[in-house]
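Student: Could we go through this model together? I would like to begin with how the helices are arranged.
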Amino acid sequence: VHGTLSECLFFFVMARAVLLDGGMGHLVRVLGVPIKGEIGSLERFLGVAVANRDQPELVRRAHELFIEAGADVITTNTYAVVPNVMLPVGGPLEEWLQHGVAA
C-alpha cells in the first residue's frame, strides 16, 4: 500500500478490524460471580476483582466465551484491581494482579 500514513492506517483497519473482548464484569456476573453494591460503586468492582482468586474457572470461562464469539484479543480481568477497590480485602496489590493474570 502506498500513500500517507492516514491512508495506510485506513486501509489496514478496513481490511481487518481487530475485535476486543467485551464487558467482563457483566459476563462474570451472568456466569455466577456475586456482584454487590450500586452500579459504579467500588463495592461492585470488588466482586469482579476477587473473582480472579475465588472463582478463576468462571473468569477463564468468560475469556473462552469472548473468544468463541470472535474476539481477536482478550485482556486480563484486572481493570478493577486498584488500591481503592482492594482496600476492604487487603493484601499486596501485586498479588491481586497476579491472580488476574493467572485467571
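Tutor: Helices are DSSP runs (H or I, at least four residues), numbered from the N terminus. Axes are lines fitted to C-alpha atoms, for helices over the stretch in contact, and angles run from 0 to 180 degrees between N-to-C directions. This is a predicted model, in which local features need pLDDT of at least 70, side-chain atom pairs count only at pLDDT 80 or more, and totals for chains, interfaces and linings use all residues. Residues are numbered from 1 along each chain as its sequence is written, and side-chain values use heavy atoms, leaving out hydrogens and water.

Student: At what angle do H3 and H6 pack?
Tutor: Helix H3 (residues 42–54) packs against helix H6 (residues 93–102) at about 70°, and their axes are 8 Å apart. H3 and H6 are therefore roughly perpendicular (65 to 115 degrees).

Student: Which residues make the contact?
Tutor: Ala49, Val50, Asn52 and Arg53 of H3 meet Trp96, His99 and Gly100 of H6; contact means heavy atoms within 4.5 Å.

Student: Now His63: buried or exposed?
Tutor: His63 is buried, at 8% relative accessible area (buried is under 20%, exposed over 50%, partly exposed in between; 1.4 Å probe, protein chains only). His63 belongs to helix H4 (residues 56–68).

Student: How many salt bridges does the structure hold?
Tutor: There are three, each a side-chain nitrogen of Lys or Arg within 4 Å of a carboxyl oxygen of Asp or Glu. One of them joins Arg53 to Asp54, with the closest N and O atoms 2.6 Å apart.

Student: What about Arg61 and Glu68?
Tutor: Their closest N and O atoms are 3.2 Å apart in a salt bridge. Shared partners link Arg61, Glu64 and Glu68 into one network.

Conventions
Helices (H or I, at least four residues) and strands (E, at least two) are DSSP runs, numbered from the N terminus. Angles under 35 degrees count as roughly parallel, over 145 as roughly antiparallel, 65 to 115 as roughly perpendicular and the rest as oblique.
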